Amino acid sequence: MRTTGSIAAAEIYSRSTRRFDFVFIDGDHSYEGLKADWEGWNRLAAPGGIIALHDSRSTPDRPIDDWGSARFTRDVIEPDSQLPDC
């Protein structure tokens, strides 16, 4: 399937009851792009499943705190009380 992550998630969600144990998201690193991917794939994760996010945290060697993907992770995903500690 050649499309965006959020469109792929919407198509899978509309056609199947399948849930995934592991999803790796490495797509649009903007705030809006990660938001769309997260909202699409989060509902497709199996209970106890893992969603891994590329470029979602800074490291000493690679400070990316101002990237949209890092801001969305920090502002929305990390504070979500329904998720296990990141």
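This is a predicted model: local features need pLDDT of at least 70, side-chain atom pairs count only at pLDDT 80 or more; totals for chains, interfaces and linings use all residues.

Residues are numbered from 1 along each chain as its sequence is written, and side-chain values use heavy atoms, with hydrogens and water left out.

The protein has three helices and two strands, taken as DSSP runs (helices H or I of at least four residues, strands E of at least two, numbered from the N terminus), and these elements follow the order α-β-α-β-α from the N terminus on. The radius of gyration of the protein is 13 Å, close to the 12 Å of the globule rule for 86 residues, so the protein is as compact as a globular protein of that length; the radius is taken over C-alpha atoms, and the rule is 2.2 Å times the number of residues to the power 0.38. Along the principal axes, the C-alpha atoms fill a box of roughly 40 × 30 × 20 Å.

Of the 86 residues, 29% count as buried, meaning under 20% relative accessible area, with exposed being over 50% and partly exposed in between (1.4 Å probe, protein chains only). Among contacts (heavy atoms within 4.5 Å) with a separation of 6 or more, 60% come from residues 24 or more positions apart.

Asp-55 lies in the loop between β2 (45–53) and α3 (68–77), and its relative accessibility of 10% makes Asp-55 count as buried. Most residues other than glycine have a negative phi, yet phi of Asp-55 is positive, near 50 degrees.
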